[in-house]
Amino acid sequence: MGLRGAESAAPSGGMPSLPGFFGRQNKYLRMDDVALGPPPEHEEEGVRAGRRRSSTRYVFACSVFASLNSVLLGYDVGVMSGCILFIQRDLHITEVQQEVLVGCLSFVSLLGSLAGGRTADALGRKRTIGLAAAVFQAGALVMTLAPSFRVLMAGRLLAGIGIGFGVMIAPVYIAEISPAASRGSFTSFPEIFINLGILLGYVSNYVFSGLPDHLGWRVMLAVGIVPSVSIVFALLVIPESPRWLVVQNKAAEARAVLLRVTDGEEEADERLAEIEAAAASAANSGETVWRELSRPSPTIRRMLVTGLGIQCFQQITGIDALVYYSPTIFRDAGVTTESQLLLATVAVGFFKTAFIALAIVLIDRVGRKPLLYVSTVGMTVCLVILASTLWLLAHGAVPKALGVAVAVVAVCGDVAFFSVGIGPVCWVTSSEIFPLRLRSQAAALGAAVNRVTSGTVAMSFLSVSRAMTVAGAFSAFAAISALSVVFVHRFVPETKGKTLEEIELLFGGGEGGEGVTVSPGEVELGDAEHLVRKG
């Protein structure tokens, strides 16, 4: 009796009764439904969870493949710190030539970065990744076979252009295919691959250090060609950026990609609608990209201050001086044998790589800004300790063994704090804060600023150290690092968990003009929705 009542109470819009034996209505349907198992929404939740895991694995694989070019930059940076010792003896180059050889890569790579923005908009993100690998491979081959300093420089210039393409396009591509919840982690992949490349370069220096001078540095450079070859396979696997496809009026292809990187059709359609709205807004703006960047609105100006500023501070705090010239720094501290110098640089590479892995775990959990605070404050402290230790060693105020140990720990600490914060967060931030119409070109401009600053530090470090001592040089880096803490506090927003289209609102962009106006005071973005002037 009660079952009949339950049946009659079933909503008219509910699931129809299943046919009974010989087509009769089964009056015990409600009991049968209970016996069948969990309600449909539980099953759908399980399906969504399965799709979420599948899409996350797919985005993970695409991010790894897109980041392979970053290994090239890291390897070149790491291997050159040891190669330069052998090149100096083999080709008899001067100290000025050493600085030019080391630092020119960054200056030339800015040309690749600037050209990469326009190339990525014209050819697509995927093809630009392949072009970067091909250009670097040609440069690495020329360097490996170089019979003289001039030919070596020609190969390095060519490799620098390829690196410029690669370092600009990888964060943009990954940011455009990643879901908001995990975009920070995935967009950090290029930085961890840079650090992996640096570590491999250091290991290569140590492994091949026993070869004759004329052969050792050539083998070290030749090994760097291997990652670029693997990118050929990567291009067969990764899709094109859905945002670029929308701009090219290929919405169907963009939706197909979004279906693979989202949890289901509903989310894919929502993201496609957001992208199409952003693309339509860009098409209606009537301004060319470079004109908008050169004469920015207040919203775009705030984005540029954040994006270009964090790129500058990432390098001007002296990280490339530590990476390129770590053997020189350790020698100044008192390490004497060549094997000990190279082994100490391997330790630096290990710490740099290990802590970038920690950053990838934390960046979407604790947010970008807390990591930046930890990073910039920690780097400042380590640089102060390093400068003080080198000064005390130079004046014989501390035992040599103790001074060397403290110097090595300070260098490892500095690269560790760099890797856990400003190293990866710099690329994540600069690739996600700009609107779609400006993203690739603005990211290219940011990468160019990064490379110019890097090249300036790398090409001037030996001369500056000679003029004001190594301790004096790192005192200057410590002062600049302290300024970076202030910059992070005032100008860098928290973007954790927001879609690329929502992030534009943080700077006052969006529908109807400028939105929120912010004057040059302290800015608080903790609510992750609106800029608020702190009173």
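Reader: Which ring does Arg89 lie over?
Author: Arg89 lies over the face of Phe86, 5.2 Å from the ring centre. A charge sits over a ring here if NZ of Lys or CZ of Arg is within 6 Å of the ring centre and within 35 degrees of the ring normal. This is a predicted model, in which local features need pLDDT of at least 70 and side-chain atom pairs count only at pLDDT 80 or more, while totals for chains, interfaces and linings use all residues. Residues are numbered from 1 along each chain as its sequence is written, and side-chain values use heavy atoms, with hydrogens and water left out.

Reader: Thanks! And what sits over the ring of Tyr58?
Author: That is the charged end of Arg260, 4.0 Å from the centre of the Tyr58 ring.

Reader: Back to Arg89, which residue does it meet in a salt bridge?
Author: Its partner is Asp213, at 3.1 Å from N to O. A salt bridge means a side-chain nitrogen of Lys or Arg within 4 Å of a carboxyl oxygen of Asp or Glu. This pair links distant parts of the chain: Arg89 is in helix H4 (residues 68–91) and Asp213 in helix H10 (residues 213–222), 124 residues apart. Helices (H or I, at least four residues) and strands (E, at least two) are DSSP runs, numbered from the N terminus.

Reader: How accessible is Arg89?
Author: Arg89 is partly exposed, with a relative accessible area of 37%, and Asp213 is partly exposed at 28%. Buried means under 20% relative accessible area, exposed over 50%, and partly exposed in between (1.4 Å probe, protein chains only).

Reader: How many salt bridges are there by that rule?
Author: The count comes to nine. Some of them join up: Asp121, Arg125, Glu176 and Arg439 are linked in a network of salt bridges.

Reader: Nice. Is Arg125 buried or exposed?
Author: Arg125 counts as buried, at 2% relative accessibility. One of its partners is Asp121, with the closest N and O atoms 3.0 Å apart; Asp121 counts as partly exposed, at 27%. Arg125 also meets Glu176, at 2.9 Å from N to O. Glu176 is buried, with a relative accessible area of 0%.

Reader: Let's switch to aromatics. How many aromatic pairs are there?
Author: By the rule used, eleven aromatic pairs. Rings of Phe, Tyr and Trp (its six-membered ring) pair if their centres lie within 6.5 Å; planes under 30 degrees apart count as stacked, over 60 as edge-to-face and the rest as tilted. The rings of Phe60 and Phe189 have centres 5.4 Å apart and planes at 90°, so they form an edge-to-face pair. Phe60 lies in helix H3 (residues 40–66) and Phe189 in helix H9 (residues 189–207), 129 residues apart. Ring pairs link Phe60, Phe186 and Phe189 into a cluster.

Reader: One last topic: which residues of helix H13 are buried?
Author: In H13 (residues 251–261), Ala254, Val257, Leu258 and Val261 are buried.

Reader: Where do they lie around the axis?
Author: They cover an arc of only 100°, which puts them on the same side of H13. The arc is taken from the directions from the helix axis to the C-beta atoms.
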